[in-house]
Amino acid sequence: MKHLIDPTDLSRKETDEIIALGEEIIAHRAEYSERLKGRKLATLFYEPSTRTRLSFTSAMMELGGNVLGFSDARNSSASKGETVQDTIRVVANFADIIAMRHPIEGTALAASEVSPVPIINAGDGSHSHPTQTLTDLLTIHRERGSIDGITIGFCGDLKFGRTVHSLIKALSQYKDIHVVLIAPNELRLPGYIKRDVCDRLGIDYRECTTLEEAIPSLDILYMTRVQRERFLDEEEYERLKDSFVLNAAKMSLAKPDMKVLHPLPRVNEIATDVDDDPRAAYFRQVENGKFVRMALICKLLEWKQDPAHDMPQRPVTSVPEETRCHNRKCICNTERIPYRFYRSHNGDIRCCYCDSKIPVSE
Ligand code: NCD
């Protein structure tokens with residue numbers, strides 16, 4: 001069965017099919033109004049969300065389906081100590097498909113291991129956010145007509161920003177992609193994404209420290225918020241929070257057809273004087289998120305019975321028995337999930353749930 005845990009769970013062909021269906025739904029909205037009549041989506045949100053949860057709800061409603069779920073872990077049995085996997089086993093009796101968000105990394109993967117219905121990862125800690133990626137891809141496609149061949153700048157919190165991690169992974173399936181990474185030293189892109197995704201899959205990237213230097217070459221500027229809730233040290237957040245601010249003066253250095261994306265919410269990183277610039281695509285992006293989620297829900301339910309769309313298997317590697325994942329925010333350290341590891345392409349041993357590198361003595 002196909003779940004969507006990480007953008008690489010979708011082949012380029014499957015991603016293209018979802019984007020094409022998103023475009024088709026936009027063009028013929030009325031025809032989809034009863035497409036999922038009688039079907040149910042459960043939204044399990046253990047972490048705050050406005051956009052993503054409402055976007056899923058609105059998507060299912062526009063398809064004629066129903067939605068149930070919770071938007072606060074305090075309203076779920078998690079507050080009584082129920083494990084995520086048990087909650088999934090229960091909720092799968094009430095819904096045809098589940099979208100979930102959780103602050104702990106790897107939760108959606110652990111959920112998919114026991115779920116008889118498709119699981120959609122709506123964000124797991126700072127790890128992954130594949131439906132935002134589909135939103136971003138549909139937006140780039142609609143704004144530019146194609147995704148291949150773009151130069152895209154990622155600006156802000158590239159360390160904790162899960163939307164950035166997921167979009168870079170997805171872009172590795174496209175041709176001739178150039179990435180410019182614009183971040184303060186402390187918030188640079190994690191090394192595993194640079195090595196395993198950019199280096200291995202041939203994404204050409206460069207790093208720079210000012211927006212002014214990067215902006216003239218970009219087709220897409222992807223702005224991000226500094227992720228306050230992921231910092232262990234509040235002082236460090238205060239020091240870094242306003243590192244990069246896009247404003248009308250900086251926009252004057254950009255190409256006339258450059259587009260600005262942002263997964264939202266924005267804090268200070270885009271001044272409001274950019275909002276009326278036709279190149280500001282971030283509010284259009286929100287609407288695309290609903291259409292692409294409509295397409296995704298339809299496709300996952302369609303693919304459910306088709307073995308051709310099963311999940312890609314990542315081989316588990318054997319490690320010394322005492323090997324542990326060191327990430328305190330990984331599901332295998334917060335719930336009783338057996339540790340599992342894989343060997344990445346450059347030979348590192350990594351946790352299957354959170355992808356963090358494991359120091360193993362061999
Ligand atoms: C993003 C997220 O939740 O990671 N927002 C979203 O999904 N629209 C980005 C963010 O919170 O900064």
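This is a predicted model: local features need pLDDT of at least 70, side-chain atom pairs count only at pLDDT 80 or more; totals for chains, interfaces and linings use all residues.
Me: How do you know that the span of helix H2 agrees with its number of residues?
Reply: Helix H2 covers residues 51-62, which makes 12 residues. The expected span is 1.5 Å times one less than the number of residues, and for H2 this gives 16 Å. The end C-alpha atoms of H2 are 16 Å apart, so the two values agree.

Me: Which residues of H2 are buried, and what covers them?
Reply: Thr52, Ser55, Phe56, Thr57, Ala59 and Met60 are buried in H2. Their cover includes the strands E1 (40-45), E2 (66-70), E3 (97-102) and E4 (119-124), together with the helices H5 (130-144) and H11 (282-303). Just after H2 comes Gly64, with a positive phi of about 85 degrees.

Me: Why is Thr139 called buried?
Reply: A residue is called buried when its relative accessible area is under 20%. Thr139 has 0% relative accessibility, and therefore counts as buried. Thr139 belongs to helix H5. Leaving aside residues up to four places away in sequence, Thr139 touches Leu261, Ala281, Gln285 and Asn288.

Me: Why is Asp176 called exposed?
Reply: The term exposed requires a relative accessible area over 50%. Asp176 has 53%, so Asp176 is exposed. Asp176 is placed in the loop between helix H6 (162-171) and strand E6 (178-182).

Me: What makes the phi of Asp176 worth noting?
Reply: Most residues other than glycine have a negative phi. Asp176 is not a glycine, yet its phi is positive, at about 60 degrees.

Me: Is Leu264 buried or exposed, and how do you know?
Reply: The relative accessibility of Leu264 is 13%. Buried means under 20%, so Leu264 counts as buried. Leu264 also has a positive phi, near 60 degrees, although this residue is not glycine. Its place is the loop between E9 and H11.

Me: What is the form of the peptide bond from Leu264 to Pro265?
Reply: The bond is cis, with omega near 5 degrees. Most peptide bonds are trans. Pro265 lies in the loop between strand E9 (259-261) and H11.

Me: Why do E7 and E9 stand at the edges of their sheet?
Reply: The sheet is open and has five strands in the order E7-E6-E5-E8-E9, with parallel pairing. Strand E7 (204-208) and E9 each have a single partner strand, so one side of each is left without a neighbour in the sheet. On average, neighbouring strands here are turned by 20 degrees against each other, direction ignored.

Me: How do you know that E6 and E7 pair?
Reply: Two strands pair if at least two bridges are found between them. E6 and E7 have five bridges, in the parallel sense. Within this pairing, Val179 has Tyr205 in E7 as its bridge partner.

Definitions and conventions:
Residues are numbered from 1 along each chain as its sequence is written. Side-chain values use heavy atoms; hydrogens and water are left out. Helices (H or I, at least four residues) and strands (E, at least two) are DSSP runs, numbered from the N terminus. Buried means under 20% relative accessible area, exposed over 50%, partly exposed in between (1.4 Å probe, protein chains only). Contact means heavy atoms within 4.5 Å. Axes are lines fitted to C-alpha atoms, for helices over the stretch in contact, and angles run from 0 to 180 degrees between N-to-C directions.
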